[in-house]
Amino acid sequence: MSLYQDWVNLYENQTKETFNQFWSEYSDAETRIYRDILSKKSNIYTGKVGEKAAELGVRDCIFTGFLDGINDSLNEPVDYENVTADSDFRLDIDFEKLYFNMHDAHADYLYNLPEWDGILSEEQRAEIAKAYRKSKTVVKPKKIGRNDPCPCGSGKKYKNCCGKVVNE
């Protein structure tokens, strides 16, 4: 069985009783991994899955879950579904996209890490946070009035065309 399948089985088989312990383990592991990445201040992060997991005190399948999670923030996706403990990985991280995605995941424990200081300026982080909030703003389309031209292009008023009420 692949590490990815181990990861899927781990998170899909949580119960009410085990969920908090699982989440605590995963978020602690994720924090250690991101602290390691950000402290290096390089967008390239490499190693062997098993060795890096052991170095950071993380289970191999949890590290694979991290690879799954960070994949959307990479310039070149990683084939995390087929990694083994002996697999080499190379992450080319887009830090701005990563910071945005951390906001999208509501991972304040990650986007508030002090290690971000040497990577993105306060202004950059504020702009990314603003862009994230803006991306979640829903704008209602303008309501069509009864006497407005029909949007179908017929040239008729909306009330006499597509907005016509038929009494049955």
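Which residues does Phe63 touch, not counting residues up to four places away in sequence? In this predicted model, local features need pLDDT of at least 70 and side-chain atom pairs count only at pLDDT 80 or more, while totals for chains, interfaces and linings use all residues. Residues are numbered from 1 along each chain as its sequence is written, and side-chain values use heavy atoms, with hydrogens and water left out.

Phe63 touches Ile33, Val49, Lys52, Ala53, Leu56, Val58 and Phe89. Contact here means heavy atoms within 4.5 Å. Phe63 also belongs to the largest nonpolar core, which has 42 residues. Such a core is a set of buried Ala, Val, Leu, Ile, Met, Phe, Trp, Tyr and Cys residues joined through side-chain atoms within 4.5 Å. Buried means under 20% relative accessible area, exposed over 50%, and partly exposed in between, with a 1.4 Å probe and protein chains only. Phe63, Phe66, Leu91 and Trp116 touch the most other members of this core. The elements that give two or more residues to this core are α1 (3-12), α2 (16-40), α3 (49-56), α4 (60-70), β2 (88-92), α5 and α6 (108-111). Helices (H or I, at least four residues) and strands (E, at least two) are DSSP runs, numbered from the N terminus. The most residues, 7, come from α2.

Aromatic rings were then paired. Rings of Phe, Tyr and Trp (its six-membered ring) pair if their centres lie within 6.5 Å; planes under 30 degrees apart count as stacked, over 60 as edge-to-face and the rest as tilted. The count by this rule is 14 aromatic pairs. Tyr45 and Phe89 form a tilted pair, because their ring centres are 5.8 Å apart and their planes stand at 45°. This pair links distant parts of the chain. Tyr45 is in strand β1 (residues 44-48) and Phe89 in strand β2, 44 residues apart. Tyr45 is buried, at 2% relative accessibility. Phe89 is buried as well, at 4%.

Tyr99 and Tyr111 form an edge-to-face pair, with ring centres 6.1 Å apart and planes at 70°. Tyr99 lies in helix α5 and Tyr111 in helix α6, so the pair ties together parts 12 residues apart in sequence. Tyr111 counts as buried at 18% relative accessibility.

Tyr99 is buried too, with a relative accessible area of 6%. Its helix, α5, covers residues 95-104. Leaving aside neighbours within four places in sequence, Tyr99 is in contact with Tyr111, Trp116, Leu120, Arg125 and Ile128. Elsewhere, Trp7, Tyr11, Phe22, Trp23 and Tyr26 form one aromatic cluster.
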